[in-house]
Amino acid sequence: MRLASPPGTCAVRLQGCRRSFRTPDGGVYVALDGVDLEVRAGEFVALVGPTGCGKSTLLNLVAGLLQPDAGRVEVFGSPLEGINRRASYLFQQDVLLPWKTAEENVMLGLVFRRVPREEARRQARAWLERVGLRGFENRYPHQLSGGMRKRVALAQNLIVNPEILLMDEPFAALDVQTRQLMENDLLRIWQEERKTVLFVTHDLEEAIALSDRVVVLSAGPAARPVGEFPVELPRPRDVTEVRLDPAFGELFRRIWELLRGEVLRAFRLAP
């Protein structure tokens, strides 16, 4: 079993990162430029910014799915080369295999790592229980609700014991009630496991309720972090109750003052 990293260790560091893409007309679109960001081991960091500002691109750099044109990505002090084997990635849309049961989907990561099938099955059942799906092990994805499928995907990511969990708007498609249940489940598991989390969301309230720190990205092109705000609300948290704390409202106001300007700038820059 992988040991937890010492508190305060830098889990992810981006230094001067730039990433551009070719456009259909042969031009170049610079999605990110001059990105400097550090995430400590065990820290929960939320990324917010206008639509199209490169939040997902930044996650893809950390995942090793993209490489920067310039700059450097480090994971626990070492340059990232290729896929980030110390991270798992939870997408907005689940990627469950429809012909496999919930249990079989969750155990896939261990099977690929050549863990004996019976041990993989035992761990899969334990994780399904931790995410509230005991008794649903043999259901297929089409037999599960959206919230249930998201719980399976979360278990599928965590069973491989990643040190870093990358989450790209994972709860955006869920209804409000299911979303809040999933957010509380995530907080409970994070409190127990203390994974390093980099969480992308368009929902500023969600970002504050979940995280230790909120990082605001500027409008694109050439987006970069333009503000960061520590979230000093007490833990453990309930995402519904924490919104009633006056400090929550004050922090929301401060972040929104910056974020609103970037959102408006994004509209003005839109073609």
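**Close-up views of strand pairing and helix packing**

View 1. Strand β4 pairs with strand β5 (residues 78–79) in the antiparallel sense, over two bridges; two strands count as paired if DSSP finds at least two bridges between them. Strands (E, at least two residues) and helices (H or I, at least four residues) are DSSP runs, numbered from the N terminus. This is a predicted model, in which local features need pLDDT of at least 70, side-chain atom pairs count only at pLDDT 80 or more, and totals for chains, interfaces and linings use all residues. Residues are numbered from 1 along each chain as its sequence is written, and side-chain values use heavy atoms, with hydrogens and water left out. E74 stands opposite P79 in β5. Two residues lie between β4 and β5 in the hairpin, and F76 in the turn has a positive phi of about 50°.

**View 2. The β1–β4 pair.** Five bridges join β1 (residues 10–22) to β4 (residues 70–75) in the antiparallel sense. Q15 stands opposite R72 in β4.

**View 3. The open sheet.** Six strands in the order β6-β7-β8-β3-β9-β10 make up an open sheet with mixed pairing. Because β6 (87–90) and β10 (225–230) stand at the edges with a single partner strand each, one side of each is left without a neighbour in the sheet. From one strand to the next the twist averages 15°, with axes fitted as lines to C-alpha atoms (for helices over the stretch in contact) and angles running from 0 to 180 degrees between N-to-C directions.

**View 4. β3, β8 and helix α1.** Strands β3 (residues 44–48) and β8 (residues 196–200) pair in the parallel sense over four bridges. V45 stands opposite L198 in β8. Helix α1 (residues 55–63) packs on the sheet and touches β3, β6, β7 (164–168), β8 and β9 (213–217), contact meaning heavy atoms within 4.5 Å. The direction of α1 makes about 155° with that of β7.
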